[in-house]
Every structure is written in C-alpha cells, then in structure tokens.
Amino acid sequence: MKFRVNRDVLAEAVAWTARVLPARPVVPVLTGILLSAGEELVLSAFDYEVSARCSVEAEIAEPGRVLIPGKILAEISKSLPDEPVEIVTSGVEAVLTCGSAEFALLTMPVEDFPALPPMPERVGAVGGGVFAAAVGQVAPAASRDETLPMLTGIRFDFADETVTMATTDRYRIAAREYDWRPERPGFSAAAMVPARVLVDVARSLRGGEVAIALGDGVAGFESVGRATTVRLLDEQFIDYRSRLAGDWSVRADLRVAPFIEAIKRVALVAERNTAVRLSFSQGRVLIQAGAGDIGRGAEAVECHLTGDDLEIAFQSHWLLDGLGGVEGELVRLNMESATRPALISGVPGDAEPDFRYLVMSLRLG
C-alpha cells in the first residue's frame, strides 16, 4: 500500500477516529486504526460498542490496508511538519514520511481486526447545527453513573416530522424538540443512545446535515464523510413528558446573560453541594449564597414576576446547566413552591420554548 495525503487532513481524520479507541481493549488489535486505501482513504476504529469511519481524499498509488496502533499514529500526525504525508507499507512496517521526518511503525495483523457493523437503514436527517445544539442542551442532565445505563443515555422519540431528545440523572430532566426530515411520512420510533457518543459526534460536526440511521439495536450518525455507529441502550425510560407539563402558579421572566453571570459570581462563596438561594419579588430576584467558612455573597437582578413572592434554592451547577440551554435573550422560571421542582424554558415570543429543563429544588436551611 502506498498513498500521499495532506498533513492537516490526516491529523484531523486520525484524531477524530482515535476518539473511540478503548482504554482497556478486549483484544490488542482494537487499539489500532485501520487505514484502507482504495478510491479514497478510509480510517476506521471499533471497540465492539462504537465504530468510527472517516473518509478523506488522498493520492492512492497502491491500494491496500494496514492496521497501525492508533494512539501513536495520532501523536505523530499532529506533530508533523507542514508537508504532505506519505505512508508506504514494507513487510511488518508502515513507513510514514513527512518532509525530513520519517517513522517506521510496526503494524498489527489486519486479518484479526473485527468487521465493523454496517450502517443501519437511514431513517431521516437534520441540520448539523440544530443537532449539535440539541445535544449540547440535553447532555448535561445525563448521568455519569454507569451502574444505571438508562440514565447515561439520550432518549430519542421520533414522531413524523418531530424529534424529541431527553435525558435525566434523577435530579433534573432536560428535553429538546426540533424538526427533522424523515425518510418516510408517519415514521415513529424510540431509541436510547449513550450520551458520551452523541457528545463526541456533535463536537465533530463541520456543517451540512446529519443522517440518522436505526436498525438491529444499532444507531448510526453520518455527516460530511464521517460515520459513527453505536449499540443502543435498553429503551426503558421515564415518562418525562408528564413531568414537564403542568400549571405553574409563579412565573419569573429574566434576561438570561445577567442572571447567569450573577449566579456565577455569588456561587464563588458557596461551598460544595450547598444551595444558591433565589428570593423572587416583583421587579427583582435576590441571589444569595455562602455564610459558611468562606463568606457570603448576594446580588440582585431585574425580573418580571407573575404570582406571589417566592424563595427557592438550587444547586448552582444544576441551575446553570439549564440556563445555558436557553437560546433566546429571556428565560422563564416556572415554579409552584419552595419544595417543588422548577421548569426552565424560553419565553414565548422571545424564542420558541422547545427546550425545557426541570430541576429539583433544595431544602431551604
């Protein structure tokens, strides 16, 4: 095998593919990146749960395949001089040349590398920007506790031309609804995709649209020459829609940016796992924290309150995760009492309230 490729193109493709390499592989060959040179250069990695394929343009002199240890290839690729890269296989070595730099890397047996799962049937597509924004809004509320796999996923509910993504870690629920283009009218399905995989997919989007595929317990996401497949989690999930609905007796509308900045400042004196207290009255909300070993802080922000005055407390990072998902200039906090969760959403007329975030309140001390 022999090919020549742009240095930046190779480094970016290797870095993207290497992200799925397992830290503790079941078999040694799973630490490798498979380079297949045919009509184009395709880089592949697989850990039996997640696969990644990246196609790039290259000058192919001799077709072939080679399996190179992924971590070292990624380190070398990003440190090469700004010159074209040539890779030639010679026996058990892959010789990489770039300008005056040359590396002879020991290869791994291609025949031992497992076949990647095929991309499932395409079910629809969505704009890359919309998809990345939706993942960014709901992923913070997904759990990191691997002992409860259901809570580590992002729930997809497909209903004709609408998709809803939802996550929960038992203390908050985040949901985002958006339009997409299904392959066939009336399509409906549900799927649970590991959140960490979708976060990686969203980070790597370079525009265009994302094709979504489903089938045989596998989901696939493809965009601009990059494709990821992942094994689905169990479909079991909470009834999040009923928890996000309801009548709220107290509503507070605020400008998002000043509210976020004030919470961040006041939270500087809050000890870990202590509450930030919000005291709502007509015309303003007073944000307070601290009074422990560090000190205390307070700041007032303008707000428009509908309903009775209310004092309520939250974990600051839970509150900030929800506020950070609001895309408009204004945010609405829907509340009932100090002991009930609050629903964060956009304000109708300022932005479509297609993002909703229910966060548990903390007991006032």
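Biologist: What share of the 365 residues in the protein is buried?

Modeller: Buried residues make up 48% of them, where buried means under 20% relative accessible area, exposed over 50% and partly exposed in between, with a 1.4 Å probe and protein chains only. A word on the source: this is a predicted model, in which local features need pLDDT of at least 70 and side-chain atom pairs count only at pLDDT 80 or more, while totals for chains, interfaces and linings use all residues. Residues are numbered from 1 along each chain as its sequence is written, and side-chain values use heavy atoms, with hydrogens and water left out.

Biologist: How many helices and strands are there in the protein?

Modeller: The protein has 7 helices and 26 strands; these are DSSP runs numbered from the N terminus, helices being H or I of at least four residues and strands E of at least two.

Biologist: How do I read a pair of packed helices?

Modeller: Two packed helices are described by the angle between their axes and the distance between the axes. Here, the axes of H6 (residues 256-266) and H7 (residues 316-324) come within 11 Å and cross at roughly 160°. The axes are lines fitted to C-alpha atoms, for helices over the stretch in contact, and angles run from 0 to 180 degrees between N-to-C directions. H6 is therefore roughly antiparallel to H7, a label for angles over 145 degrees.

Biologist: Which residues of H6 and H7 make the contact?

Modeller: H6 contributes Val256, Phe259, Ile260, Ile263 and Lys264, and H7 contributes Ser316, Leu319, Leu320, Leu323 and Gly324. Contact means heavy atoms within 4.5 Å.

Biologist: And how should I read a nonpolar core?

Modeller: In soluble globular proteins, nonpolar side chains tend to be buried together. A nonpolar core is a set of buried Ala, Val, Leu, Ile, Met, Phe, Trp, Tyr and Cys residues joined through side-chain atoms within 4.5 Å. The largest one here has 100 residues, of which Phe131, Phe156, Phe221, Leu278 and Phe280 touch the most other members. H6 supplies the largest share of this core, 6 residues. Apart from it lies another core of 10 residues, including Ala175, Met192, Phe237 and Trp248.

Biologist: Is Thr152 buried or exposed?

Modeller: Thr152 is buried, with a relative accessible area of 10%. Thr152 sits in the loop between helix H3 (128-138) and strand S11 (153-159). Leaving aside residues up to four places away in sequence, Thr152 touches Ala142, Ser143, Arg144, Asp145, Glu146, Pro194, Ala195 and Leu233.

Note on methods:
Angles under 35 degrees count as roughly parallel, over 145 as roughly antiparallel, 65 to 115 as roughly perpendicular and the rest as oblique.
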